[in-house]
Each structure stands twice: as C-alpha cells, then as structure tokens.
Amino acid sequence: MYMIVPNSVFRWLTAGIACWIMSSCGVAYKTLRMEVLEPAGISIYGGGKIAFLNRKTSASPPRHHDYFSEIFYSGIEAGIADKAKFDSLILLEEDSFHHVEKDYIIKPLQAEVVNKVCIHYDVDYIISLEYSCLMSPNSGSEWIVYLYAYGMQDFIDSVVYRCDSAAIVDVEKNVWSYGILYANHIAPHWVGTKRRLYFSDKDLKAGYTLFRKGDLEQAEKRWLTMTQFPSVQAVKAAINLAWLYESSEELEKAEAILLQAQKLAQQRNIGDQSVNYLEEYLAIIRKRMRDNKLLINQLNT
C-alpha cells in the first residue's frame with residue numbers, strides 16, 4: 001500500500017490604488033501594474049482534498065528522485081497555499097523504489113487502487129509523480145505527472161515537464177517552478193499584467209486628472225467626447241475608457257469602445273504605437289471575456 005509522510009478578480013501589486021511608472025522613450029502614458037485572476041488549465045471540483053503521491057519510479061538513483069520529488073511537492077504546496085479552492089496537500093509515497101529504464105512505459109494506477117487510496121486517506125484527487133529521469137548534463141531531465149480522481153476509470157490529466165539541464169542547481173530551481181506551475185494548472189491563480197493610460201495632451205490629461213481624483217463619471221465623459229475626434233487622440237481616449245470599463249468588469253463595453261477606435265484608425269489610416277497597443281489590448285479583453293466564463297464555473301464548483 002502507501003505510507004503517509006508527515007509534513008514538517010484584480011488586485012494591486014502595491015499598497016494604495018496603483019503603482020504608476022513613467023514609460024521609456026518619452027511616450028506620454030502611465031503604466032498601471034496589477035494582477036488578474038486567470039482560470040486553471042483543468043476544471044476540477046473545488047473544496048476537495050488532494051494527496052501528492054510519489055510513485056518512486058525513476059531512471060535515476062533513488063536519492064535523486066526522492067530529493068527532487070520533495071521539492072516538486074513543496075512547490076505544489078506553496079502554489080496552493082493562497083488558493084481557498086483546496087484543503088491542504090498530504091504527501092504519500094509507495095513502499096519501495098522502482099528503478100526503470102529511460103524508455104519506461106508508464107503503468108497508470110488502476111481505478112480500484114485510486115478509489116481505495118482516496119477512501120483510506122479521505123481525499124478526492126491524487127497528484128501522482130509517475131516517473132522521473134535525471135540524466136547527464138547534456139541530456140536534461142524529465143518529470144511526468146498524472147492527476148487521478150475518485151470514481152474515475154482513468155487518470156483525468158497528464159503533464160510532462162522537461163529541463164534541458166541536469167545540473168543540480170538548475171533542476172532544483174526548475175522542479176520547484178514545476179510544482180508552482182502545476183498548482184496553477186489545477187486552480188485559478190493570479191498573474192501579473194500591465195495596462196496603459198494616456199495623457200499626452202490637455203484633454204487626455206484633464207480626463208486622467210479626474211480619474212486620479214476618483215471622479216470616474218467626469219473622466220468617462222471627457223474621454224467619450226474625445227472618441228469623436230478624427231485623430232489619434234480618439235484612439236488614446238478609447239484605450240483609457242477601455243481600462244475604465246475593464247476595471248469595473250464591464251468587458252463588453254471595453255471591447256465595444258476599442259472596436260470603435262480600431263475602425264477609426266483603419267478609416268483614417270492612423271499610424272501610431274497607440275494603435276498597436278489598441279490591438280494588443282483588444283486581444284487581452286477578448287481573452288478575459290473567455291477566461292471569465294471558465295472562472296465562473298471553476299470558482300463555483
């Protein structure tokens with residue numbers, strides 16, 4: 001059997017409303033830094049209990065496999081520490097080590113075994129390190145992870161991590177980051193991002209000043225008036241408005257105002273780096289609209 005091993009939607013990155021930084025090259029805009037909640041790579045039941053299983057199967061020596069397995073587990077544990085979606089992670093390992101060849105074909109746990117483990121340790125999911133291979137410095141290393149769930153006939157997810165280097169210091173760093181990545185793969189997580197606010201002339205700056213004072217209604221009116229200008233200033237005003245709408249989760253309004261500015265830029269053949277950013281921002285807004293549908297499901301299951 002297995003042994004239990006005892007364990008020894010925006011948010012600002014700084015206090016206050018935001019961290020404002022002047023951009024390079026003299027461009028008149030401010031960069032706003034924040035974090036955005038992004039969905040997990042796989043949707044699983046929230047509130048469930050999770051176990052991490054070291055199957056002790058490797059083409060590397062036992063001491064290497066177990067050492068890096070613990071680092072990987074610690075990375076996952078750190079990654080889910082601020083995620084209320086799950087309870088704490090318990091650590092399990094097989095009784096004995098299985099040394100295999102590099103081209104070993106993984107044999108997944110059978111459903112009845114998964115169910116017995118889940119019942120015995122009162123968990124809903126098992127993150128299983130199925131196999132590792134720490135090779136020569138020129139060959140790198142490989143880590144294969146399966147996710148099992150109680151009541152399922154087969155594993156529900158699999159991930160392969162590879163590191164080009166086999167140097168101990170590189171593997172330690174990478175394996176820890178793999179654990180963090182896997183935690184983000186199974187639960188919604190915060191990702192750093194940036195937005196721009198333009199203030200390159202008196203009208204844009206007037207709206208920006210109102211925004212900084214918290215008078216969002218008047219800032220919106222000022223920038224809306226500017227979107228009727230037949231110039232690049234209309235594009236910049238639309239970008240500012242899009243942020244105003246995005247920050248209040250009005251993503252459809254943000255998309256609409258950016259599409260309006262995009263059409264103007266095409267009709268007037270406006271060439272400016274703000275137009276390039278408009279295209280980037282439009283893609284960001286559309287991704288957030290897709291992500292929010294997933295988040296609603298993931299945060300309520």
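**Figure 1. Confidence along the chain of the predicted model.** Confidence in the chain is lowest in strand β3 (residues 20-22), with a mean of 42, and highest in α7, with a mean of 97. Over residues 14-26 the pLDDT is below 50, and beyond near neighbours in sequence this stretch has 21 contacts in the model. Residues 1-8 also have a pLDDT below 50; beyond near neighbours in sequence, 28 contacts are found for that stretch. Where pLDDT is low, the predicted coordinates should not be read in detail. For the chain, the mean pLDDT is 86, and 86% of the residues reach 70 or more. This is a predicted model.

**Figure 2. Overview of the chain.** The chain comprises 8 helices and 12 strands. Of its 301 residues, 49% are buried.

**Figure 3. The largest nonpolar core.** This core has 38 residues, and those with the most contacts inside it are W223, I239, L258 and Y281. At least two residues of the core are supplied by each of β4 (29-38), β12 (189-198), α4 (202-212), α5 (216-226), α6 (232-247), α7 (251-267) and α8 (273-299). The largest share, 10 residues, comes from α6. Another core, of 29 residues, lies apart from it; F52, W143, L147 and Y178 are among its members. In soluble globular proteins, nonpolar side chains tend to be buried together.

**Figure 4. Surroundings of W223.** W223 is one of the residues with the most contacts inside the largest nonpolar core. Neighbours within four places in sequence are left aside here; beyond them, W223 is in contact with L197, L204, G207, Y208, F211, A237, N240 and L241.

**Figure 5. N240 in helix α6.** N240 is found in α6 and counts as buried because its relative accessibility is 0%. The N240 side chain reaches the backbone nitrogen of Y198 at 2.7 Å. Leaving aside neighbours within four places in sequence, the residues in contact with N240 are R196, L197, Y198, L204 and W223.

**Figure 6. Helix α4, its buried side and its ends.** The buried residues of α4 include D203, L204, G207, Y208 and F211. They cover an arc of only 135° around the axis, so they lie on the same side of α4. An α-helix has 3.6 residues a turn, so residues three or four places apart point the same way. At the N-terminal end, α4 is capped by D201, which places a side-chain oxygen 3.2 Å from the backbone nitrogen of D203. Just after α4, G214 has a positive phi of about 90°.

**Figure 7. K56, in the loop between β5 and β6.** K56 is found in the loop that runs from β5 (50-54) to β6. Phi of K56 is near 55°, a positive value in a residue other than glycine. K56 counts as buried because its relative accessibility is 8%, below the cut-off of 20%.

**Figure 8. E249, in the loop between α6 and α7.** The loop between α6 and α7 contains E249. This residue is not a glycine, yet phi of E249 is positive, near 65°. With a relative accessible area of 34%, E249 is partly exposed. That class lies between the cut-offs of 20% and 50%.

**Figure 9. P61 and F97.** P61 lies in the loop between β6 (57-58) and α1 (62-80). At 31% relative accessibility, P61 is classed as partly exposed. P61 and F97 are 36 residues apart in sequence, and their C-alpha atoms are 9.3 Å apart in space.

**Figure 10. A187 and I44.** The loop between α3 (168-186) and β12 holds A187. A187 counts as buried because its relative accessibility is 0%. Along the chain, A187 and I44 are 143 residues apart, while 8.0 Å separates their C-alpha atoms.

Technical notes:
Residues numbered from 1 in each chain as written. Predicted model: local features only at pLDDT ≥ 70, side-chain atom pairs only at ≥ 80, totals over all residues. Heavy atoms only, no water. Core = buried A, V, L, I, M, F, W, Y, C linked by side-chain atoms within 4.5 Å. Buried < 20%, exposed > 50% of the residue type's maximum accessible area, 1.4 Å probe, protein only. Helix = DSSP H or I, 4+ residues; strand = E, 2+ residues; numbered from the N terminus. Contact = heavy atoms within 4.5 Å. pLDDT = per-residue confidence, 0-100. Arc of directions from axis to C-beta. Polar contact = N/O pair within 3.5 Å; in protein donor to acceptor, adjacent residues only side chain to side chain.
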